Amino acid sequence: MKRILTGIRPTGPLHLGHFVGALKQWIKLQDDYECYFLLADIQALTTHADNPKLIQESIREVTLDMLSVGLDPLKDNVNFVLQSAIPEISELTTYFTMVTPFTWIQKNPTIKEELKQLSKGATLGFMNYPVSQAADILMVSPNPKDSKEPVLVPVGNDQVPHIESTNRVSRAFNSTYGETFGECKALVGDIGRFVGLDGNSKMSKSLNNAIYLKDSTEEVKKKIMSMYTDPKRIHPDDPGTVEGNPVFIYHDAFNENKKEVKDLKERYEKGTVGDVEVKEKLFDAIENFLEPIRQKRKEFENEDIMKYVSDGTKKAQELAAGNVDRARKAMGLDYPTIRS
Ligand code: TRP
């Protein structure tokens, strides 16, 4: 089985944007790949250093979300992994910083974009996260002497620079210390971003424009009925715009009744259906989607779900230990008489 590693920062419960942009793909991949789903709690600290409680709660919350949508760590090949519980990741990160020119980070387009959005000055920890992410990925790299199979990394578009820089780091390490690490390859999903309830191009917790997988029926109703639609449409008999309209983007993503969606779009453009009806039908569709997720969440809520994280972390750590061992040997840092 080919290996997959991907990660998520635990900084709050997961929403529909996470589902469309990540979880939906992950659910399919778990049938065919050896999967490592990383709860990147150290990376979460790069933006939430002052809120360890949020991160701690979110680890459980996100695990529950992942289980509720059908990721299944009872399968042998599916592993939930807690980043901070694998010290080998931090050790690899340190080694990788020695072969990573600072200019690579400064020129990374995702870092440049995120720097603009930081509320405080960037910490070293923040600037270093692409290197740490390379360690996340390469800790599960097979020994390139045994297999050239790249680690596959399912991510949105914004993460592609980090995947490329992971390969640059791996090559720099290998050219300095000898062939030690393999490569990785991005699997880019079709939708990187999912529009928010307010029409903002990104659904996000900080913008307060999200529907969460754990939202109740009442919350979902309230959110959908007050969604942003076509601002130019004043009366229900005005012709409306479908293209780029969040209510129709949501219909396309979540309403399985494609005939109904087509009919609503046609009537919307003609001005023969009101926003209220479009939203009510969307509410039904999203409820249909969320109801089985809520059921599963209930089942898992009373279980000791952290045992899944513990099991997966152990498996990832074994792979990480092998890689760190090779890295130390390559760098001349293996002192067998001193290190027990
Ligand atoms: N940077 C990713 C994000 O913000 C999360 C992440 C951490 C990740 N480690 C990873 C993604 C390793 C892929 C591989 O979404």
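A cavity is a set of points on a 1 Å grid over the protein atoms alone where a 1.4 Å probe fits but cannot get out. Its volume is the space filled by probe spheres set on the points, joined across faces, edges and corners. The model is predicted, so local features need pLDDT of at least 70 and side-chain atom pairs count only at pLDDT 80 or more, while totals for chains, interfaces and linings use all residues. Residues are numbered from 1 along each chain as its sequence is written, and side-chain values use heavy atoms, with hydrogens and water left out.

View A. The whole structure was searched, and 1 cavity of 30 Å³ or more turned up. The largest cavity has a volume of about 40 Å³. Its lining (residues with an atom within 4 Å of a point) consists of T100, W104, I105, N108, P130, V131, S165 and V169. Helices α5 (102–106), α8 (129–138) and α9 (160–177) each give at least two residues to this lining. Helices here are DSSP runs of H or I with at least four residues, strands are E runs of at least two, and both are numbered from the N terminus. By class, the lining has 5 nonpolar, 3 polar and no charged residues. Nonpolar covers Ala, Val, Leu, Ile, Met, Phe, Trp, Tyr, Cys and Pro; charged covers Asp, Glu, Lys and Arg; the others, Gly among them, are polar.

**View B. The shell around the ligand.** The shell holds 13 residues, of which R9, Q43, Q133, D136 and Q159 come nearest. The side chain of R9 places an N or O atom 3.2 Å from an oxygen atom of the ligand. Q133 has a polar side-chain atom 2.9 Å from a ligand nitrogen. The side chain of Q159 also has an N or O atom 2.9 Å from a nitrogen atom of the ligand. Taken alone, the ligand exposes 360 Å², and the protein buries 88% of that. These areas come from the Shrake-Rupley method with a 1.4 Å probe. β1 (3–8), α8 and β4 (151–155) are the elements that give two or more residues to the shell. The shell has 6 nonpolar, 5 polar and 2 charged residues.

**View C. H15 in the loop between β1 and α1.** H15 sits in the loop between β1 and α1 (16–29). The residue counts as buried because its relative accessibility is 4%; buried means under 20% relative accessible area, exposed over 50%, and partly exposed in between, with a 1.4 Å probe and protein chains only. The H15 side chain makes polar contacts, which are N or O pairs within 3.5 Å, one able to donate a hydrogen and the other to accept it; residues adjacent in sequence count only if both atoms are side-chain atoms. Another is the backbone oxygen of M203, at 3.4 Å.

**View D. F181 in the loop between α9 and β5.** F181 lies in the loop between α9 and β5 (184–188). With a relative accessible area of 2%, F181 is buried. The C-alpha atoms of F181 and N323 are separated by 7.7 Å, although the residues are 142 apart along the chain.

**View E. N208 and L213 in the loop between β5 and α10.** N208 belongs to the loop between β5 and α10 (217–225), and L213 is also found in the loop between β5 and α10. N208 is exposed at 72% relative accessible area, whereas L213 is buried at 0% relative accessibility. Phi of N208 is positive, near 55 degrees, in a residue other than glycine. Most residues other than glycine have a negative phi.

Definitions and conventions:
On a 1 Å grid over the protein atoms alone, a cavity is a set of points where a 1.4 Å probe fits but cannot get out, and a pocket is an open set with protein on both sides within 12 Å along at least five of seven lines; lining residues have an atom within 4 Å of a point. A residue is near a molecule or strand if one of its heavy atoms lies within 4 Å of it.
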